[in-house]
Amino acid sequence: MTLQATTYLIVGLSFALYIGIAIWARAGSTKEFYVAGGSVHPVLNGMATGADWMSAASFISMAGLISNMGYGGSLFLMGWTGGYVLLAMLLAPYLRKFGKFTVPQFFGTRYYSKAASGTAVACLLMASTTYIIGQMTGVGVAFSRFLGVSSSTGIYIGMAIVFMYAVFGGMKGITYTQVAQYCVLILAYTVPAIFISLHLTGNPIPQLGLGSDLVNSNVALLHKLDLIVQDLGFGKYTTSVPGSTLNMFVYTVSLMIGTAGLPHVIVRFFTVPKVKDARSSAGWALVFIAILYTTAPAVAAMAKMNLLKTVNPTIMAENSDLFAPDAQLVHADRPAWMSRWEVTGLLKFEDKNGDGRIQYYNDKSKNEAFQAKAAAAGWKGSELTVNADIIVLANPEIALLPNWVIALVAAGGLAAALSTAAGLLLAISSAISHDLLKEMFMPDLSEKAELLAGKIAMAFAIVVAGYLGLNPPGFAAGTVALAFGLAASSIFPALMMGIFSKTMNKQGAIAGMLAGIGVTMFYVFAHKGIFFVKGTEFLGVIGGANSFFGITPEAFGAIGACFNFAVAFAVKNMTPAVPQDIANMVEQVRIPRGAKAVDGAH
Amino acid sequence: MVQHDEAAYWKATLALIRNVLIVWFVVSYGFGILLAPMLNNIQLGGYPLGFWFANQGSMYIFVILIFVYAKLMGNIDQKFNVHEE
């Protein structure tokens, strides 16, 4: 069977599975629609959270980013997992005890005001919408690359599939579909990694392979990789930090608290039966996430090794001379996977010095001795451009794995993109139908009408997300970082204060959220333009790029969160104290006993 | 439950959270970032130790931390008799 036919078969089977599950798990009540009936087993919930959490970016792009950044890429690994420790201890059990459907509902009750829940809805919609644009573009890219259709057609197919299982199944359908999607995506991620690790180091477990010696030698893989990249003028793989250590530190904080503040992750902990389950479910979620996240750095380093070995066939030999005239790969002799990816434009070769060989090195190196050697060898710039996304997608081809593995990676990438899109759409639609419509404007809405409104809101959200995916506002890459910044600077601090401070009042919470999200957006827009419109940057106003201690806009959410806390406590001290019944309620939330089934209808 | 117990329960909870957060901070921000250059002089198999913490170790420890927290928190719930029926 051809690769194309195998891909269609495996992807088609996986879709049939998702839709079958959605039909089996139809939601009949608002409780099933919003929180899957509140009876999901913690292990299953952990798996669903894993699929919900791991997006197209985690699956396709993360290993490539780490591969390019080396040690500095660890900030994604630690940042996107460390937030679960915070979630498990600081938020999940208390929100579960609180027993509502949505995050804004918590704000509305704890801060006893519709303004607070309205502010939370606004922050939630901003964070989720920016996040979903990236997901929808990811869906389009994944479909077009794997199924050979145009990116727009890919987005239409993706919209239709998500529509089918999210609109009919609600949280219940999404939860069980995500469990299936998790199984598909983790299999797709680990199978090629195991083969590659076995091939390079003889150890089938990638996490251990990364720390092992290369096959038939006493040299550790990482040590060899460090030597080679330095020989090619790059920074040492195991130590290079992009930007400053301070920025890496702050960036990691932002990703951690952003993770803990993203509404589509938080709502997953409303679906388990008990407070106790909310704690362990966060642990299970991290177990399932960590299986992929600990494999990723191995994939990253091994793929880099394989790529460099392909381009410079002699590097594994002792005392190989990288600058020798015949040391580099002749372009005409390149392996089949390289020519296949050249067609997509994700891999580009440009013969700058006209010798027909591929020179791939750091032509921006500041090492003068290296630059002199490169010039002496007649190199006129690096000739190979490799898109970070290739690392995961082309891995099975680089390692010469069979067609079914390549097709499995396609199904895995699609599962990752679709599951995250569905989770975000549910967070958006419940904010609209429940928090805006039912709580603020039409309190008399019957359950049946609310369920219908939820489904219409979901359909509407899918159309908007599809439109934005088709016409991305030209900043797809920046959106994910911004979504984390927004969640980190607005939602996380307000949730924390709601649980851990009995005295935080509504004025403080609202002012804090507005200050946090405001200052973060101000800093980001200064760098990337107002609402990312090109030409409207105002770096001059804030004193140049990364003017705040060299902190990059992607990392600024943590600073926004500090503003949030500071403003909230300052305003609290100037405004009336919190009512006694609210203080009593906070005390009750801190105790597990008496947690009832989630009841959003009061 | 009398008022006094409630305060003691919350105090025990916060103490546990503080301890877990200390470990959380030390393995990621401490060993993974701030002290990584120093730890890289030590080898763990084929891994420089600081790089290992940033790339692998901190994540394993995060997982263990959550389950240890869940277990100890369950014990505190039992001790103060506030667990769910």
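In the predicted model, R279(A) forms a salt bridge with D77(B), and the closest N and O atoms of the two side chains are 3.0 Å apart. This is the 1 salt bridge that the rule finds across the interface of chain B and chain A. R279(A) is buried, as is D77(B). Over all chains, the count by the same rule comes to 4 salt bridges. Because R279(A) lies in helix 13 (residues 275–311) of chain A and D77(B) lies in helix 3 of chain B, the pair joins two chains.

The contact between the chains draws on 45 residues from chain B and 50 residues from chain A. About 4100 Å² is buried between chain B and chain A, and carbon and sulfur atoms give 69% of this area. Within chain B, the residues that lose the most area to chain A are W10(B), I66(B) and E84(B), which together account for 16% of what that side buries.

Polar contacts were also counted across this interface, with 13 residue pairs found between chain B and chain A, both residues being at pLDDT 80 or more. On the side of chain B that touches chain A, two or more residues are given by each of helix 1 (3–34), strand 2 (47–48) and helix 3 (49–79) of chain B. Helix 3 of chain B supplies the largest share of that side, with 17 residues. By class, the side of chain B that touches chain A comprises 28 nonpolar, 13 polar and 4 charged residues.

According to UniProt, in an unreviewed entry, the feature "domain: Sodium symporter small subunit" is placed at residues 7–83 of chain B.

The side chains of E342(A) and R334(A) meet in one of them, at 2.9 Å from N to O. E342(A) counts as partly exposed because its relative accessibility is 24%, and R334(A) is likewise partly exposed, at 23% relative accessibility. A salt bridge also links the side chains of D363(A) and K364(A), with an N to O distance of 3.7 Å. Here D363(A) is partly exposed, with a relative accessible area of 29%, whereas K364(A) counts as exposed at 68% relative accessibility.

Local features were assigned at both ends of helix 15 of chain A. N367(A) caps the N-terminal end of this helix (residues 368–376), with a side-chain oxygen lying 3.1 Å from the backbone nitrogen of A369(A). Helix 15 of chain A is followed by G378(A), whose phi is positive, near 85°.

A glycine of chain A was examined for its surroundings. G46(A) is placed in helix 3 (residues 42–53) of chain A. With a relative accessible area of 0%, G46(A) is buried. Leaving aside residues up to four places away in sequence, G46(A) touches S281(A), W284(A), A285(A) and F288(A). G46(A) and L214(A) are 168 residues apart in sequence, and their C-alpha atoms are 35 Å apart in space.

Methods: Residues numbered from 1 in each chain as written. Chains lettered and ligands numbered in written order. Predicted model: local features only at pLDDT ≥ 70, side-chain atom pairs only at ≥ 80, totals over all residues. Heavy atoms only, no water. Contact = heavy atoms within 4.5 Å. Buried area = accessible area lost by both parts, 1.4 Å probe. Polar contact = N/O pair within 3.5 Å; in protein donor to acceptor, adjacent residues only side chain to side chain. Helix = DSSP H or I, 4+ residues; strand = E, 2+ residues; numbered from the N terminus. Nonpolar A, V, L, I, M, F, W, Y, C, P; charged D, E, K, R; others polar. Buried < 20%, exposed > 50% of the residue type's maximum accessible area, 1.4 Å probe, protein only. UniProt positions renumbered as here; feature names shortened; annotations may be inferred.
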